[in-house]
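Have both open as you go through the topics.

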Amino acid sequence: MRTAVALALIVLGSVVFHLLSPWWWTPIASNWAYIDDTILITFWITGVVFAAVVLFMAYCVFRFRHREGSRAAYQPESTRLEWWLSIGTGIGVAAMLAPGLVVWHQFVTVPDDAVTVEVVGQQWQWSYRLPGADGRLGASHVAYVSPDNPLGIDPKDPHGQDDVIVQGEPLHLELGKPVKILLRSLDVVHDFYVPEFRAKMDMIPGTVTYYWFTPTRVGTFEVLCAELCGTGHSHMRGSVVVELESEHRTWLLQQKSFAQLRAPVRADAGN
Amino acid sequence: MTDDTSNVIQSLSVAEVADVELYHPKSWITKYVFSQDAKIIAIQYSITALSIGLVALVMSWLMRLQLGFPGLLSFIDADSYYQFMTMHGMIMVIYLLTALFLGGFGNYLIPLMLGARDMVFPYVNMLSYWVYLLAVLVLVASFFVPGGPTGAGWTLYPPQAILATTPGKQWGIIVMLVSLMLFIVGFTMGGLNYVVTVLQGRTRGMTLLRMPLTVWGIFTATVLALLAFPALFVGSVMMLLDRVIGTSFFMPAIVSMGEQLPYGGGSPILFQHLFWFFGHPEVYIVALPAFGIISDLISTHARKNIFGYRMMVWALVAIGALSFLVWAHHMYVSGMHPAFGYFFATTTLIIAIPTAIKVYNWVLTLWRGDIHLTVPMLYALAFIVTFVNGGLTGLFLGNVVVDVPLSDTMFVVAHFHMVMGIAPIFAIFGGIYHWYPKVTGRLLSDTLGKLHFWVTFLGAYAIFFPLHYVGLMGVPRRYYEMGEMAFVPPSTATLNAFITVVALIVGAAQLVFVFNLVRSLRRGRPAGGNPWGATTLEWQTPQTPPGHGNWGKTLPVAYRWAYDYSVPGAAQDFLPQNQPPVPRTA
């Protein structure tokens, strides 16, 4: 009896916690509401299955508990029942997988009008690079990294000269404009993660990875590193500002390009 | 299932086998220390694994204290936190769970359940344990080397695992890799033994489809481990070379802390593929023996045959095979080619179907049973609750696009602790309460057992269920401290403190378990040969605890499957596997 009640209370407690606890996802600020929807579908299906299995167990424990003289039934198998259960499970699984794969297809298909922003991770800070007037980012390699070229931009590549470099400041993005985030790391694996955008991807040294989204809400959002990257992992924070197009243009004009950042160094060298 | 046995086996006579092949110990040392008896080796494995497990338990306390009460213990800084985290994970997954299920339960139960005298290669079996012990000692040594153990996380992702900005860079990572390699060598010796014994060492009448599901689970898991561990082995060798002689298997060109490192051209993601090609089957290496043990516990204590035995066997085999096709679901956000996502999400969700069948068959076994709520049965029920809970959250993380926001958050931590931490440990507890009487001849205390059960079960659920929601909010895992996060409400700190307090209580309850184990050795109620009225052969030995060679002069013959409980017309509610069928009068 006690055991049956305990099992039923676990189901009840879990449902109550799910519905009433203050801990739930943070309001979304990107176009990936589909991901939230898929999570909700999954919560419903899995929640029903969990409750059904555990309550069935609770009932069995109560109804078929040992009493003096009671004896179990003898029933080795039932092919029919097992097939029905398998088919039912298959349908439930398909109901979660199908929307998941459709949304994944959207997630990995970058729209043509997306602007490019590069995020560079290194222990333990975030830097950003935006294309200049030519709309293209210059080539890069860690071999070029030096104190006056912290992101390793190829100094000979003409496309790189006007690249805008943001270091130690928040990244600014334009509201409603799809953005393809190129991810690059100089040292170890990091992961550029903004909970409100729902998207994340590891940055692997030696490769460039990416994901895309459209910011849908104005505001300042926290950037966290989501892949263990050494002692300072939990302190690798930053922020992203989502703002209107006009504000974004003003901000962009105030930023320094790669060529401008190197100019004083060259002047020093000339003296 | 009973009567198909009677015609086939009736002609079998009881086998008389002289035990000349067995090595007979001549001294106390060869009997109890360098023993070749699988039962002694099993106990050695179990004690070693449980002892190192207690170290991992203490690590988890320290981590939880830091998360619940940041800064309370001044000696826990970021470095030591990551060291505790790494050692906790590595010990629990490999040195405790793998070793205890295969080396502990496997060694004890395979020969006894199959009616064999011992493993087929007893000397190799002995070596297997001693190499495992060496691996554990090397692992423990990493606490004492300069710089301490590695803090790279149990996944050991390069490049950070071997760089100066990760704790344990000097010696910790080297010692860790060497210990893993030793473990794999030791396991391979034991694993070959288990597989060959199952295939070649069964007694007469013990067909593969009459084996208890415990043996099926351990057997399938061992095959998986023999195929999966080599991937970890080569990964460890390559990383060791990167670290010690400066090769670049996993190391691209890197600037670390402003300094160009002499590496170039390697692939960090190659290591992730090698690691998870091992790492995912590893989940099932731990889960499949648990599945088997739970099946037998439920059947025995509900006095009812396991429902759908053949389906259970095929489900085990199907899960084992599929487990090699899903590894990259750990890497959805690793930056691998996005097209892999479709494939691995599909295979991962397909694996849910045979797994669900197993769950249905467990609960259907309870239906119209005669349920004895013994401590092993309680643990079996708790296993189902936590395994179903953790398995269902696996459907979130396996579904590639749902994994994107949840990956690397506390949701993952909650999921895998529920499904491959708590659930398998409940199977281990259930198994220990169930088989301890055979191993020692005495029952564990029921009162202490129930106390241990309720605190552990309700406590573990209270720890890990709320943790899912912390992850859903977006709190990343592997954070030494949360600090200020704008999207996290302040009440989360209270929740974290609550979880820590519960974790301390659950940890303390394990001391009750240890006390029970020690106390019952002398003061437990004498159990007799078959206290649970079980059908399988290990309960039918002439002596309890079974002597060397297990069976005296004659080997048992298996006349029936392992689940003849409550057979209509039978006098008792169980028919042992070695009980001959009643001759038909017609």
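Buried means under 20% relative accessible area, exposed means over 50%, and partly exposed lies in between, with a 1.4 Å probe and protein chains only. By that rule Phe383(B) is buried, with a relative accessible area of 1%. This is a predicted model, where local features need pLDDT of at least 70, side-chain atom pairs count only at pLDDT 80 or more, and totals for chains, interfaces and linings use all residues. Residues are numbered from 1 along each chain as its sequence is written, chains are lettered from A and ligands numbered from 1 in the order in which they are written, and side-chain values use heavy atoms, with hydrogens and water left out.

**Nonpolar cores**

- A nonpolar core is a set of buried Ala, Val, Leu, Ile, Met, Phe, Trp, Tyr and Cys residues joined through side-chain atoms within 4.5 Å.
- The largest such core has 276 residues, and those with the most contacts inside it are Phe107(A), Phe192(A), Tyr95(B), Trp362(B) and Phe383(B).
- Helix α4 (residues 78-114) of chain B gives this core its largest share, 25 residues. Helices (H or I, at least four residues) and strands (E, at least two) are DSSP runs, numbered from the N terminus.
- At least three residues of this core come from each of domain 1 (2-64 + 79-108) and domain 2 (115-270) of chain A. The domain bounds come from an automatic or database domain assignment.
- A second, separate core of nine residues includes Val142(A), Leu151(A), Ile165(A) and Leu186(A).

**Aromatic pairs and charges over rings**

- Rings of Phe, Tyr and Trp (its six-membered ring) pair if their centres lie within 6.5 Å; planes under 30 degrees apart count as stacked, over 60 as edge-to-face and the rest as tilted.
- By this rule there are 67 aromatic pairs over all chains.
- Trp362(B) and Phe383(B) form an edge-to-face pair, at 5.6 Å centre to centre and 80 degrees between the planes. Trp362(B) lies in helix α11 (residues 352-366) of chain B and Phe383(B) in helix α12 (residues 375-398) of chain B, so the pair ties together parts that are 21 residues apart in sequence.
- Trp362(B) is buried, at 0% relative accessibility.
- Trp561(B) and Tyr563(B) also make an edge-to-face pair, with 5.6 Å between centres and 75 degrees between planes. Trp561(B) is buried at 2% relative accessibility, and Tyr563(B) is buried at 1%.
- A charge sits over a ring if NZ of Lys or CZ of Arg is within 6 Å of the ring centre and within 35 degrees of the ring normal. Lys180(A) lies over the face of Tyr210(A), at 4.7 Å from the ring centre, and Lys200(A) lies over the face of Tyr193(A), at 4.2 Å.

**Helices and their packing**

- Among the buried residues of α1(A) are Leu7(A), Ile10(A), Val11(A) and Phe17(A). The buried residues of this helix pack against α2 (33-63) of chain A together with α12 and α15 (446-473) of chain B, where contact means heavy atoms within 4.5 Å.
- His434(B) lies in helix α14 (residues 410-440) of chain B and is buried, with a relative accessible area of 2%. Not counting residues up to four places away in sequence, His434(B) touches Leu297(B), Thr300(B), His301(B), Pro376(B), Trp532(B) and Trp539(B).
- Ala427(B) lies in helix α14 of chain B and is buried at 0% relative accessibility. With residues up to four places away in sequence left out, the residues that Ala427(B) touches include Phe101(B) and Phe383(B).

**Domains of chain A**

- The C-alpha centres of domain 1 and domain 2 of chain A lie 39 Å apart.
- Their contact takes 12 residues from domain 1 and 15 residues from domain 2.

**Backbone points to check**

- A cis peptide bond joins Gln123(A) and Trp124(A), with omega about -10 degrees. Trp124(A) lies in the loop between β1 (115-122) and β2 (125-130) of chain A.
- The peptide bond from Pro158(B) to Pro159(B) is also cis, with omega near 0 degrees.
- Arg198(A), a residue other than glycine, has a positive phi near 65 degrees, and Arg198(A) is buried at 4% relative accessibility.
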